[in-house]
Amino acid sequence: VEAVLSANIRIFIEGAYVGGQMSTFLNSSNVIPLNQPYNTSPWNYAGTESVASIPNANVVDWVLIELRDAGDASSATSTSMMDRKAAFLLNNGKVVDMDGASNLQFNNSLTQQLYVVIWHRNHLGVMTSNTLTESGGTYTYNFTTGAIQAYGGTSAHKQIGPGVWGMIGGDGDKDGNISTSDKSPLWDI
């Protein structure tokens, strides 16, 4: 029997982080796409999430959320993925559904423990190092509070402000590595 699983997740992305929250520059510049942008390699996500307009002035960008059902973090590989959904990231780090405010909802039942992977178009992906905490059907996780929140610690995310941790920016070619091939000629202008 499947149940509604509500996910309350908080994460920051390095590229947008400025003094305690993230910039909404892409939103105010009207350059956030209205359709989820993860339908290309390496994600190849076929989800149909779309909006007529960006639903909240505090939206920073899209993220792709992946749920993994595994006994421990080292077993939470891509083969343990149970669901994926594109979502919006708010400037306070909260990941929200298409209405720009609600927790993400999934129709799934766990057999083991819940781990979450978050993907962003030009940041390295990150996975929870611990299982999500469940209370009343809502699973909660905050990546921003320390190095140990991401699987792989400081190899998986970085301190982007005093006591604040976030996804590592700069993966422009989306290959999972940050190197000179990520540099865009547009940056030289």
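Trainee: Leaving aside its neighbours within four places in sequence, with which residues is Val95 in contact?
Mentor: This is a predicted model: local features need pLDDT of at least 70, side-chain atom pairs count only at pLDDT 80 or more, and totals for chains, interfaces and linings use all residues. Residues are numbered from 1 along each chain as its sequence is written, and side-chain values use heavy atoms, without hydrogens and water. With contact taken as heavy atoms within 4.5 Å, the partners of Val95 beyond four places in sequence are Ile9, Ile11, Val63, Ile65, Ala87, Phe88, Leu89, Ser102 and Leu104.

Trainee: How many helices and strands does the protein have?
Mentor: Helices (H or I, at least four residues) and strands (E, at least two) are DSSP runs, numbered from the N terminus. From that end the elements run β-β-β-α-β-β-β-β-β-β-β-β-β-β. The protein therefore has, by this definition, 1 helix and 13 strands.

Trainee: Which residues touch the most other members of the largest nonpolar core?
Mentor: Such a core is a set of buried Ala, Val, Leu, Ile, Met, Phe, Trp, Tyr and Cys residues joined through side-chain atoms within 4.5 Å. Buried means under 20% relative accessible area (1.4 Å probe, protein chains only). Among the 32 residues of the largest core, the members that touch the most others are Ile65, Val95 and Ile118.

Trainee: Which element gives the most residues to this core?
Mentor: Two or more residues each come from β1 (3–10), β4 (59–70), β5 (81–90), β7 (104–108), β8 (113–120), β11 (138–142) and β13 (164–167). With 4 residues, the element that gives the most is β4.

Trainee: How many residues form the other core, which lies apart from this one?
Mentor: Val59, Trp62, Leu90 and Met98 are among the members of that separate core. Val59 also has Leu90 as its bridge partner in β5. The number of residues in the separate core is 14.

Trainee: Why is β5 described as largely enclosed by the rest of the structure?
Mentor: Across the protein, buried residues make up 47% of the 189 residues. β5 is largely enclosed because, of its 10 residues, the number buried is 8.

Trainee: Over how many bridges do β4 and β5 pair?
Mentor: Two strands pair if DSSP finds at least two bridges between them. Leu67 stands opposite Asp83 in β5. The pairing of β4 with β5 is antiparallel, and its number of bridges is 9.

Trainee: Which residue in the turn between β5 and β6 has a positive phi?
Mentor: β5 pairs with β6 (residues 95–96) in the antiparallel sense over 2 bridges. Leu89 stands opposite Val95 in β6. The two strands form a hairpin with 4 residues between them, and the positive phi, about 95 degrees, belongs to Gly93.

Trainee: Which strands are the edges of the open sheet?
Mentor: The open sheet has 5 strands with antiparallel pairing, in the order β6-β5-β4-β8-β9. An edge strand here pairs on one side only, and the two that do so are β6 and β9 (123–127).

Trainee: Which residue in the hairpin of β12 and β13 takes a positive phi?
Mentor: β12 (residues 157–161) runs antiparallel to β13, and 4 bridges join them. His157 has Met167 as its bridge partner in β13. The hairpin has 2 residues between its strands, and the positive phi, near 70 degrees, is that of Gly163.

Trainee: What share of the contacts with a separation of 6 or more joins residues 24 or more positions apart?
Mentor: Val31 lies in the loop between α1 (25–28) and β4, one place where the chain passes from helix to strand. For the protein, the share of those contacts made by residues 24 or more positions apart is 60%.

Notes: Buried means under 20% relative accessible area, exposed over 50%, partly exposed in between (1.4 Å probe, protein chains only).
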